[in-house]
Amino acid sequence: MIKFHRLWVSTASSNFGDGLLRVLLPLLALAWGATGFEVSLVVASSYLPWLFGSLLIGLFVDRLNRSTIIRAANAIRVLATFTLLAVTAADLENVALLVTLSLVYGVAEVAADLSSQSVVSQVVKDEQMENAYGRISLSQVVANTLAGPAVAGLLFAQTQATVIGLICTCYAIAALAVPATPDSDQDSPEPWSPRQIWRELRVGVAAVTSNSWLRRAALSVGVMNFASGANAALLVTYAVSPGPLQLTTGEYGLLLSALGIGSMIGSAVADRVSRLLGESHAVAVGVGGLLTTIAAPGLSDNVWIIALLMTAGSAVGTLFGVKVISMRQRSVPNELLGRVNSAFQFVGIGSAPLGAVVGGLMASMVGIRPVFLCLSAVAALTVVLLRPWHRKPAAVTA
């Protein structure tokens with residue numbers, strides 16, 4: 001279990017850095033005088049690699065050593081963070097630079113996350129898989145959505161350099177802690193060629209599209225992340241002064257930490273609750289929680305009510321995330337994990353940047369609060385039609 005604990009530390013550290021970063025970049029954009037739509041572009045660019053690069057990166061994950069990919073991705077993040085520090089120190093307040101750096105961070109995140117998900121099956125036994133994903137999920141939500149945003153928001157008003165230095169340290173630890181893992185499980189993979197790359201990409205996509213549950217689950221995650229992307233892009237403009245909620249940067253970080261508090265509670269009891277409810281009911285209840293979180297800022301202009309709804313919604317919504325990931329990983333052979341995960345995330349997370357851009361455009365025309373309600377309602381209707389909680393056991397084969 002030593003390898004698992006090293007992976008656990010690496011994942012938690014990189015997610016703490018991600019949590020700091022997802023608050024820092026939009027706050028920097030606001031401080032540099034960006035418009036609401038420009039802030040949404042900064043947020044969208046961090047998700048964009050999931051749309052345009054996840055399929056190809058997933059192929060690398062199945063062909064190359066996964067721990068090496070994680071180290072390289074975190075090294076890229078360290079270099080990007082040094083660049084961000086230099087930009088802020090030189091007072092080069094250019095939103096286009098933030099968008100570019102956000103893209104670089106996004107590419108590294110795709111590579112690290114896809115590799116980390118696939119590495120779990122290489123460092124734990126099958127019977128330990130569910131518990132391993134639960135523990136990693138708990139550390140991710142605590143670091144990414146609880147500790148990271150709170151610390152970034154509180155420190156931002158004091159010194160931006162401290163936040164940036166902390167981010168750099170997190171990614172360095174993540175690179176050093178990751179354990180060594182075996183090389184690719186593929187038997188004598190064919191040499192790289194455009195035709196071979198295309199053929200292997202199609203294998204991952206076909207594995208998702210040909211499996212009814214994987215297809216519906218990916219589309220469901222995609223619809224909810226479309227709405228979540230809009231939520232993430234608009235919330236900072238809506239919450240931070242001079243926005244309607246009139247929050248300081250520290251208070252904004254604490255508001256985002258409501259998601260982490262809920263997710264921490266949900267992750268701690270997810271396995272027990274899912275056994276009590278049953279797999280299908282746990283997924284359905286989790287969907288309701290996620291939709292509540294997305295709609296929360298549109299349901300009230302009272303920050304305490306919003307925080308309460310976000311906490312409750314994320315606690316319940318964790319059921320969906322934990323169960324869908326474990327169900328997906330159990331049904332896919334290890335040699336296909338990278339490509340299947342990337343195809344799944346291509347739809348599931350690749351929709352987030354589209355949501356951020358669309359949300360920004362809608363908000364400029366009708367205001368921010370109606371967008372939260374409209375997109376959450378559309379997501380609810382679509383997910384009910386897709387029924388991701390309805391699954392017949394069917395393993396994916398190579």
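Is S13 buried or exposed? Before answering, please keep in mind that this is a predicted model.

S13 sits in helix α1, which spans residues 2-31. Its relative accessibility is 10%, so S13 counts as buried, since the cut-off for buried is under 20%.

What does S13 touch, once residues up to four places away in sequence are left out? The partners are C170, I173 and A174. One of these contacts involves polar atoms: a polar atom of the S13 side chain lies 2.6 Å from the backbone oxygen of C170.

## A serine in helix α5

Now find S115, in helix α5, which covers residues 95-123. With a relative accessibility of 0%, S115 is buried. Its side chain has a polar atom 2.8 Å from the backbone oxygen of A111. An α-helix has 3.6 residues a turn, so residues three or four places apart point the same way.

Leaving out residues up to four places away in sequence, S115 touches V61, R66, I69 and I70. One of these, V61, is also among the buried residues of helix α3.

Helix α5 also holds A96. This alanine has a relative accessibility of 47%, so A96 counts as partly exposed.

## A mostly covered helix

How many of the 10 residues of helix α3 are buried? The count is 7, which leaves this helix, residues 54-63, mostly covered. The buried residues are S54, I57, G58, L59, V61, D62 and R63.

## Two helices side by side

Next, look at helix α11 (residues 279-299) and helix α15 (residues 368-386). Two packed helices are described by the angle between their axes and the distance between the axes. For α11 and α15, the angle is about 160 degrees and the axes are 7 Å apart. An angle over 145 degrees counts as roughly antiparallel, and α11 and α15 are therefore roughly antiparallel to each other. The crossing of α11 past α15 is left-handed.

Which residues meet here? From α11 come V287, L291, I294, A295, P297, G298 and L299, and they meet R369, F372, L373, S376, A379, A380 and V383 of α15. Sorted by type, the residues of this contact are 11 nonpolar, 2 polar and 1 charged.

## Backbone details in the loops

In the loop between α4 (66-89) and α5, you will find D91. D91 has a positive phi of about 55 degrees although it is not a glycine. Is D91 buried or exposed? D91 is exposed, with a relative accessible area of 58%.

The loop between α9 (212-239) and α10 (249-277) contains P242. The peptide bond leading from S241 to P242 is cis, and its omega is near 15 degrees. Q246 is found in the loop between α9 and α10 too. Its phi is near 60 degrees, a positive value in a residue other than glycine. Q246 is partly exposed, with a relative accessible area of 47%.

Key:
Residues numbered from 1 in each chain as written. Predicted model: local features only at pLDDT ≥ 70, side-chain atom pairs only at ≥ 80, totals over all residues. Heavy atoms only, no water. Axes fitted to C-alpha atoms, helices over the stretch in contact; angles between N-to-C directions. Helix = DSSP H or I, 4+ residues; strand = E, 2+ residues; numbered from the N terminus. Parallel < 35°, antiparallel > 145°, perpendicular 65-115°, else oblique. Left-handed = near helix turned anticlockwise from the far one by under 90°. Contact = heavy atoms within 4.5 Å. Nonpolar A, V, L, I, M, F, W, Y, C, P; charged D, E, K, R; others polar. Buried < 20%, exposed > 50% of the residue type's maximum accessible area, 1.4 Å probe, protein only. Polar contact = N/O pair within 3.5 Å; in protein donor to acceptor, adjacent residues only side chain to side chain.
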